[in-house]
Amino acid sequence: MFAVVRTGGKQYRVAAGDKIAVEKLAGEAGDTITLGDVLLAGEGDTLSDAGKVTVSAEIIAQAKSEKVIVFKKRRRHNYRRKNGHRQQMTLLRITDVGTGTAKKAAPKKEAAPKADTAEKKAAPKKDAAEKKAPAKKAAPKKAAAKKTEDKK
């Protein structure tokens, strides 16, 4: 089975076992990710519903692509600029292209931690208010001594 997926602004035709280099994705080597934006899917000449197809991939490595040289020149003006750039990329191995429901992240249980953090945040505020001493006023400045000139 094959699928056409979109990631990093580009489209890739993938099948199980393929290795592709895509724009940098979050994760470390060995992590498994799901490519969610499936545009087309099928097997042989028949097409299937792309919304029901999921594509799983394993990150092989985070690397840099080939260097691209950017050279600017304006003739007769002694203007030359040379820059290089290496784009960050992720190497993926497609592990599975199959039908099934798209895996969504499990809902996080944040009700209890929110209450704990609220209590923790409230306690330091009270301590800070108690520790704060009243502001002291600065002493008045003394007048500068008068200079006397010696007459000759």
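Analyst: Start with Arg13: its charged end sits over the ring of Phe2, 4.2 Å from the ring's centre. Keep in mind that this is a predicted model. There's another arginine doing this: Arg74 lies over the face of Tyr79, 4.8 Å from the centre of that ring. What about rings pairing with rings? The structure holds 0 aromatic pairs.

Now for the nonpolar side chains. In soluble globular proteins, nonpolar side chains tend to be buried together. Here, the largest nonpolar core has 19 residues, and the ones with the most contacts inside it are Val14, Leu35, Val38, Val55, Leu92 and Ile94. Several strands give two or more residues to this core, including strand 1 (2–7), strand 2 (10–15) and strand 8 (79–99). The largest share comes from strand 7, which puts in 4 residues. Leaving out residues up to four places away in sequence, Val14 touches Met1, Phe2, Ala3, Val5, Ile20, Val55, Ile94 and Val97.

Next come the charged pairs: how many salt bridges does the structure hold? There are 3.

Take Arg6 and Asp37, whose closest N and O atoms are 2.8 Å apart.

Glu23 belongs to strand 3 and Lys10 to strand 2, so to speak distant parts of the chain, 13 residues apart, get linked. With a relative accessibility of 25%, Glu23 is partly exposed, and Lys10, at 38%, is partly exposed as well.

That leaves Glu58 and Arg93, where the closest N and O atoms of the salt bridge are 3.4 Å apart. This pair also links distant parts of the chain, with Glu58 in strand 7 and Arg93 in strand 8, 35 residues apart. Glu58 has a relative accessible area of 26%, which makes it partly exposed. Arg93 comes out at 31%, again partly exposed.

Note on methods:
Residues are numbered from 1 along each chain as its sequence is written. This is a predicted model: local features need pLDDT of at least 70, side-chain atom pairs count only at pLDDT 80 or more; totals for chains, interfaces and linings use all residues. Side-chain values use heavy atoms; hydrogens and water are left out. Rings of Phe, Tyr and Trp (its six-membered ring) pair if their centres lie within 6.5 Å; planes under 30 degrees apart count as stacked, over 60 as edge-to-face and the rest as tilted. A charge sits over a ring if NZ of Lys or CZ of Arg is within 6 Å of the ring centre and within 35 degrees of the ring normal. A nonpolar core is a set of buried Ala, Val, Leu, Ile, Met, Phe, Trp, Tyr and Cys residues joined through side-chain atoms within 4.5 Å. Buried means under 20% relative accessible area, exposed over 50%, partly exposed in between (1.4 Å probe, protein chains only). Contact means heavy atoms within 4.5 Å. A salt bridge is a side-chain nitrogen of Lys or Arg within 4 Å of a carboxyl oxygen of Asp or Glu.
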